[in-house]
Amino acid sequence: MALLKLDNTTIRFGGLVAVNGVNLEVEEGEILALIGPNGAGKSTIFNLITGIYPPTDGAISFKGKSIAGRPPHVIASGGIGRTFQNIRLFGEQTVLDNVLIGAHTRGNWNLTGALLQFLPSVRKEEGRLLELAIHCLSKVDLAHKAYELASNLPYGEQRRLEIARALAIEPALILLDEPAAGMNPQEKQTLLKMVRNIRDDGVTVFLVEHDMKFVMGLSDRIAVLDYGSKIADGRPEEVRANPAVIEAYLGKGAAH
Amino acid sequence: MFQNMLNSIDPYSMQILVNIGIGIILALGLNIITGLTGQLSLGHAAFMSVGAFAGALLTIKTGVPFYINILLSGLITAVVAAAIGWPILRLTGDYLAICTLGFAEIVKVVFLNLEITNKALGLTVPTPDTSLPMPLIVLIVVCLTIIASAFIQNSRFGRALKAIRDDEIAAESMGINIARYKVQSFAVSAFMAGTGGCLYAHFLGYINPSDFGFLKSIDMLSMVVLGGLGSIPGTIFGASILSAAPEFLRFMSQYRMLVYGALLVFMMVFRPNGLMGGIDFTSFVLRKLGVKPRGVSRSKEVQ
Amino acid sequence: MFLQQLINGVALGSTYALIALGYTMVYGIITLINFAHGEIFMVGAFVGLLMVGYFKLNLFLAMAIAMIFCMVMGVVIEYIAYRPLRKSSRLSALISAIGVSIFLSSLAMMVFGANAKGFPSEAFPSHQIHIGNADISTLQLLIIGVSALLMLALEFIVQKTKIGKAMRATSEDYNTAALMGINVNFVISFTFALGSALAAAGGVLVGVLFNSVSFNMGLMAGLKAFAAAVLGGIGSIPGAMLGGLLLGVAEVFGVAIGYSSYRDAIAFAILVLVLLFRPTGLLGQKIQKKV
């Protein structure tokens, strides 16, 4: 059974059909990439999965349960972590606090815990969250910057911090929205290894990315979106040879 | 010992000190919802008035021990705030601010029309019979409020509030139930305002619904903004300055609101983080000392 | 009785509508609740009073001078207190607006004193007209007429002129409008000027209607007008007009059926209900959140 399943998922904004009847399955343990020209609806699919927009039509299920229309915090708690295309870190807070916020669902103590934080059980939980946060930071090699302000990090490190924050949910599925955007080739190489490590730790990876070299080198499978519809789905070399894909990217006639 | 210390302060100074104490409690309360959670409340004086009237009526009608009274006033206010907050906290920033203002006016009008609160005449509150002197009780409540604020700020609960303040979409994508945390933060904030109101009523001995209007809410907001939204030392500083200022600047008391207005604009334009805001002291010190959190040594395993 | 109250409500409501237009236009363009707008209305009333009472000017001339004065004031306020904060958080801008509001009302109290002032009775010699069993004063007709005229003028400016087109474009999409070569700063200043002029006219009319002008009249009127703007759908000009009229009528009828001591609470109750059940208002458009 697929970990995540989109079944004829559709969303309309007024007259615009941003995502049109997409069927897609993400298998457990794979790295799946979603590619497509600008404005094809890739980020919108992420926003549908994470509950930012409810779908107009169709179903979305995660671990066999329907999540379409559930609020974002419920979906996140269920085990889907994500990053954002335009970085959305808590900029005025430290790197460590950003990841601790990501670890929110891993704790239970609330207001009472805050007021009684000297109790051993509260301190134990706080210690556990801290350990988890440091662990996630070290996954993206940022632990040494734990007390920096997030907004003071260079761009590439901010993208990695977003990944660490999403990992702190301890998700079954992580959605990466253009993780390599704005990185230089060397940073991309490091990122590639990090994403593989994340998958090897048992987290399924679903990413949107523009950099073809990065996608081809990383993904087990690639789905292609054009004008809100899925036009291809397969292994990297299959997709690369698919005439419909070449046409979508380079225009009519380029496939010949 | 305390008795001697308290007696050595003349009554006039004591009155100023108690005013400062109550100001700190109120401002720290507002800081929870506005500074920490980022939701502007323009109606906090209403919560203060709920606490004041609840406390006064408890003393007059039931005569419960004063210490329990303080707690109950806070709780009643928190319940009222949660009931009001549940529907309106779904609104975003500006709408919420106006709604809190609207509710505050409604609360005031209701108190002005209720038989039990003596309508527009206000209530005379008897001095409570306590073993400790009033100023000492205020001091204890101030300390507890400061400790509670600091605890909340450095906890899982507080981190969730700060996440909501900084970016709601990112916060809910991290699994934070925004609506629930906003209501809880609102209730905690109102609890503090309620205890402050209860102390105010019993210290002053007389309360009137008109004392808790829009300008009182602005009083509190100015304290938090002057010191720095979200900063506990800043809020204490701002509350102290602005609670004491009217006494020291008696000759210019009529300019008070004029100065507050200009102050709010000036602070936002030139020092939006307040006089002491924008610095998280703990992590600032840790960073300067080069302290690394536990377990960092493992960080190199990636390469 | 019904007709009488309806006319009373419409007269009151058209002044709310005049003020609500300023809120709605400013919000439409820079998504700021111009909290000081109620104070501009108050200053407009005082300038009008000064012109009529001290300089013995004709009421209409006084109104025109008040409008010009407040136009300048609105532009200056935007320049000092809001423009530097355009890139800051909305909380900062709102707090700054509240600061301006407090500043202006305390300034007015210092200059004009704490007591309410009345317009001299010769400012507008009003007499009653009987229609059926309703008594309608010429003053009410004047208020309704002037308000309608000003709103038509506004509609003309927004729909038919070049600057109106620029305003609509800027409110649709601030950044794109700037890219298309629209001088956004000028458009914003112009919007403040327009809104402030309408508020000033409203101030003079309300001052004559209730024969009372005071330093603290801006807060409550401003809040009610804001409620009217929200009721109609914030950002929508016809919405503000409709919301103002509905609110005025609701308030007059609420008082007529015996809730006079809850008069000010009526507007807020409506505001809260609208925000909860139809946050876009009667004529507003749905806003899609951006990720």
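In what order do the six strands of the open sheet in chain A lie? In this predicted model, the strands of that sheet follow the order 6-7-8-3-9-10, and their pairing is mixed. Strand 6 (80-82) and strand 10 (229-234) of chain A stand at the two edges, and because each has a single partner strand, one side of each is left without a neighbour in the sheet. From one strand to the next, the twist averages 20°.

Strands of a sheet pair through backbone hydrogen bonds, and this pairing may be either parallel or antiparallel. Strand 9 (residues 221-226) and strand 10 of chain A run antiparallel and are joined by five bridges; within this part of the sheet, A:Asp226 has as its bridge partner A:Ser229, a residue of strand 10 of chain A. Helix 7 (residues 185-200) of chain A packs on the sheet, where it touches strand 3 (31-35), strand 7 (173-177) and strand 8 (204-208) of chain A. The direction of helix 7 of chain A makes about 145° with that of strand 8 of chain A.

The contact between chain C and chain B takes 33 residues from chain C and 33 residues from chain B. On the side of chain C that touches chain B, the elements that give two or more residues are helix 4 (90-112), helix 9 (217-232) and helix 11 (263-277) of chain C, and helix 4 of chain C gives the most, with 14 residues. By class, this side of chain C has 25 nonpolar, six polar and two charged residues.

Within chain C, helix 9 and helix 10 (residues 237-256) pack with their axes 7 Å apart and at an angle of about 120°. Among the residues that make the contact are C:Ala225, C:Ala228 and C:Leu231 of helix 9 of chain C, together with C:Gly239, C:Leu242 and C:Leu246 of helix 10 of chain C. The residues of this contact between helix 9 and helix 10 of chain C divide into nine nonpolar, four polar and one charged.

As for confidence, the model scores ipTM 0.91 and pTM 0.87. Chain C averages a pLDDT of 87, and 98% of its residues score at least 70. Among the elements of chain C, the highest mean pLDDT (95) belongs to helix 3 (residues 59-82), whereas helix 11 of chain C has the lowest (79).

Technical notes:
Residues numbered from 1 in each chain as written. Chains lettered and ligands numbered in written order. Predicted model: local features only at pLDDT ≥ 70, side-chain atom pairs only at ≥ 80, totals over all residues. Pairing = 2+ DSSP bridges. Helix = DSSP H or I, 4+ residues; strand = E, 2+ residues; numbered from the N terminus. Axes fitted to C-alpha atoms, helices over the stretch in contact; angles between N-to-C directions. Contact = placed C-beta atoms within 7 Å. Nonpolar A, V, L, I, M, F, W, Y, C, P; charged D, E, K, R; others polar. pLDDT = per-residue confidence, 0-100.
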